[in-house]
Amino acid sequence: MSVRPVLIWPDDRLTQVCQKVDQPDAKLIADMFETMYDAPGRGLAAPQIGVMQRVFVMDVGWKEGVKQPLVCINPEILSVSKEQVTGPEGCLSMPGVTVDVTRPAGIDLRYTDASGNRVTQTLNGFAAICAQHELDHLNGKMHFDRVKPDERARILKDYEALT
Ligand code: ZN
């Protein structure tokens, strides 16, 4: 296993749509977890380490001492709750910035797990938000792409001032 460098905005690869995956890649998955825990973060999508594949990993509990590692390959959202929530989101590819994003509070997510099984899981709370954030990365979208244009412009300006 190895920690890989995390791409930082405005790297072009963060705006690209990733390719479907044929087979789970155990080495890639192990590296993604190691990179995520090292960062430290709760979610990491493959394009954030320059691998343009539809894979993300997350663990919403580890910072509180409850490891809940989840690997999602070729994920798709089957349905979303009517209820929406707004909360601050950070991104390892945009350090120092948080964006208030409004998203469905719950989702049914279908994905291939690390063993190659296609499964469906209902996610709520922070897990639902995290999964939607990571899935956005697979479609070349950042958190600031989910807010109004004037807010987006302000965030990018603030970020430029930081870097
Ligand atoms: Zn992110």
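Biologist: Which residues are buried in helix 2, and what makes helix 2 largely enclosed?

Modeller: In this predicted model, buried means under 20% relative accessible area, exposed over 50% and partly exposed in between, with a 1.4 Å probe and protein chains only. Ala127, Ala128, Ile129, Cys130, Ala131, Gln132, His133, Glu134, Leu135, Asp136, His137 and Leu138 are buried in helix 2; because 12 of its 14 residues are buried, the rest of the structure largely encloses helix 2. Residues are numbered from 1 along each chain as its sequence is written, and helices are DSSP runs (H or I, at least four residues), as are strands (E, at least two), numbered from the N terminus. Local features need pLDDT of at least 70, side-chain atom pairs count only at pLDDT 80 or more, and totals for chains, interfaces and linings use all residues, while side-chain values use heavy atoms, with hydrogens and water left out.

Biologist: Why is glutamine 121 called partly exposed?

Modeller: Its relative accessibility is 30%, and therefore glutamine 121 counts as partly exposed. Glutamine 121 lies in strand 7 (residues 118-124).

Biologist: What joins the side chains of glutamine 121 and tyrosine 111?

Modeller: A polar contact of 2.5 Å joins them, the term being a pair of N or O atoms within 3.5 Å, where, within protein, one must be able to donate a hydrogen and the other to accept it, and residues adjacent in sequence count only if both atoms are side-chain atoms.

Biologist: How far apart are glutamine 121 and histidine 137 in sequence and in space?

Modeller: Glutamine 121 and histidine 137 are 16 residues apart in sequence and 20 Å apart in space, C-alpha to C-alpha.
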